[in-house]
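Subject: Structure handover

Dear colleague,

Here is the structure I said I would pass on. My notes on the fold and on one helix pair follow below it.

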Amino acid sequence: MIKEALALGEELGLNCYLTDVTEARNEDTATSNYNYAYSEMPKVRGGERSKSRVASLVHPADHSHDFVETVSRNAGIDVRLFTDLDKALKFLETGEFIK
């Protein structure tokens, strides 16, 4: 799914992505989340760091995505979690992060 989204974004000249995971808890282990950020994501773009910006909309009571956000950001992936759609869209448009 990520490969397809990045390929389509590249084709259309886009580099900002909004994901809605409000109904999808992250049930992966901490190790799986770490490996995703440091091993799997670099393979998606042939090892190069993506210039993409990702806003993920999460349910306000769901903190299951917090760790993967942290390790992804530490790995150089520009991803932020939001509970407010307007703030997520502003982040995608400007890069400005308002919690």
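The radius of gyration used here is taken over C-alpha atoms, and the globule rule is 2.2 Å times the number of residues to the power 0.38. For 99 residues, a compact globule would therefore have a radius of gyration near 13 Å, and the value for the protein, 13 Å, agrees with this. Please keep in mind that this is a predicted model.

Of the 99 residues, 31% count as buried. Among contacts with a separation of 6 or more, 72% are accounted for by residues 24 or more positions apart.

Secondary structure: there are four helices and three strands, and their order along the sequence is α-β-α-β-α-β-α.

The helix pair: α1 spans residues 2-12 and α2 spans residues 30-44. The two pack at an angle of about 45°, and their axes are 10 Å apart. An angle between 35 and 65 degrees is neither roughly parallel nor roughly perpendicular, so α1 and α2 are oblique to each other. Their crossing is right-handed. On the α1 side the contact is made by Ile2, Lys3 and Leu6, and on the α2 side by Tyr36, Met41 and Val44. Sorted by class, the residues in this contact are five nonpolar, no polar and one charged.

Regards

Notes: Residues numbered from 1 in each chain as written. Predicted model: local features only at pLDDT ≥ 70, side-chain atom pairs only at ≥ 80, totals over all residues. Heavy atoms only, no water. Axes fitted to C-alpha atoms, helices over the stretch in contact; angles between N-to-C directions. Parallel < 35°, antiparallel > 145°, perpendicular 65-115°, else oblique. Left-handed = near helix turned anticlockwise from the far one by under 90°. Contact = heavy atoms within 4.5 Å. Nonpolar A, V, L, I, M, F, W, Y, C, P; charged D, E, K, R; others polar. Buried < 20%, exposed > 50% of the residue type's maximum accessible area, 1.4 Å probe, protein only.
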